Amino acid sequence: MRIDLHAHSNASDGTDTPAELVAAALAAGLDVVALTDHDTVAGHAGAAAALRELPGGERLTLVPGAELSCRVEGISMHLLAYLFDPAEPEFAAERELVRTDRFRRGRAVVEKCRELGAPISWEQVQRIAGEGSVGRPHIASALVEAGVVATVSEAFTADWLANGGRADVPKHETDPFEAVRLVRAAGGVPVFAHPGAVKRGRTVPDRVITELAAAGLGGLEVDHLDHDGPTRERLAALADGLGLLRTGSSDYHGSRKTVRLGEFTTDPGEYRKLLEQATGAKPITA
Ligand code: AMP
Ligand code: FE
Ligand code: FE
Ligand code: ZN
């Protein structure tokens, strides 16, 4: 069983449509793929339709999810949420709040980039983002188009868009204790995304992870491109000590990142534990 529990479509900052993502998961030989766009479930319907329509779709299980933007003690972090009820109103309202604030913040980031001499525009960023939940990766693509930087990852430095960088502007981010509560109340399973991704900035201390576990966190994403070997070992031990499940995933973003779908995967036993905890929605099959 090959299980990849974290992937983005163009409903947020991936480059594949939800249908293309499902096709890519089939081509990669995955058995399970989770669609976890930032702060939105807008891609779920298109992915589910593709699963029914594509040849071989019966080989794949789609796990509907999202990746929530959170902040604790001044540190930005991401919380994956799986198999929650997307119609549960309190959690839906919070996703809407974050998504809406992304527009205000996107405009402000573009303005800062322009003041720093980058010839990009909000119209251009909106064209790149389309219907997607707008984020820094779209602005990074605009900076690439304008020839300011050569690649999306070069835009994520202190000079431009990195956390605390010259053109960075914070967006509304949910307190993760509140987010864990909302996800559980909607029947979902919350998993801390790439908790040891030091290249993105300061990471959340183990003390807070311990408190989150007590508050209902379900798991830690251990196997991830942004974690080196020692970090994975440390996080695996932390998860075991706290009784949390461990996941592994690519965090695929199409052509906006170089990681391949299925490059990191989740152990089937851990996936089973996740399914046992979920009551808000069922995995989707053709
Ligand atoms: P935002 O959600 O708008 O705050 O932007 C955060 C997103 O930027 C993350 O979800 C990643 O997709 C992307 N990102 C963050 N750091 C990097 C990086 N160093 N290189 C490439 N993409 C990054
Ligand atoms: Fe992203
Ligand atoms: Fe993330
Ligand atoms: Zn992600």
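This report walks through the metal sites of a predicted model.

Some ground rules first. Residues are numbered from 1 along each chain as its sequence is written, while chains are lettered from A and ligands numbered from 1 in the order in which they are written. In this predicted model, local features need pLDDT of at least 70, side-chain atom pairs count only at pLDDT 80 or more, and totals for chains, interfaces and linings use all residues, with side-chain values based on heavy atoms and hydrogens and water left out.

Here are two of the sites, listed with their donors (N, O and S atoms within 2.8 Å of the metal, or 3.2 Å for Na, K and Ca; water is not among the atoms, so sites may look incomplete).

| Metal | Protein donors | Distance |
|---|---|---|
| zinc ion (ligand 4) | His 6 (NE2), His 8 (NE2), Glu 67 (OE), Asp 251 (OD) | 2.0 to 2.3 Å |
| iron ion (ligand 2) | Asp 13 (OD), His 38 (NE2), His 253 (NE2) | 2.1 to 2.2 Å |

Let's start with zinc. Its donor residues are spaced H-x1-H-x58-E-x183-D in sequence. His 8, in the loop between strand 1 and helix 1, and Glu 67, in strand 3, are 59 residues apart (helices, H or I of at least four residues, and strands, E of at least two, are DSSP runs numbered from the N terminus). Both His 8 and Glu 67 are buried, meaning under 20% relative accessible area with a 1.4 Å probe and protein chains only.

Now for iron. The donors of the iron ion (ligand 2) follow the spacing D-x24-H-x214-H. His 38 sits in strand 2 and His 253 in the loop between strand 7 and helix 10, so this pair ties together parts 215 residues apart in sequence. His 38 and His 253 are buried too.

How far is the zinc ion (ligand 4) from the iron ion (ligand 2)? They are separated by 4.4 Å, and 5.4 Å lie between the iron ion (ligand 2) and the iron ion (ligand 3).

How values were computed
Buried means under 20% relative accessible area, exposed over 50%, partly exposed in between (1.4 Å probe, protein chains only).
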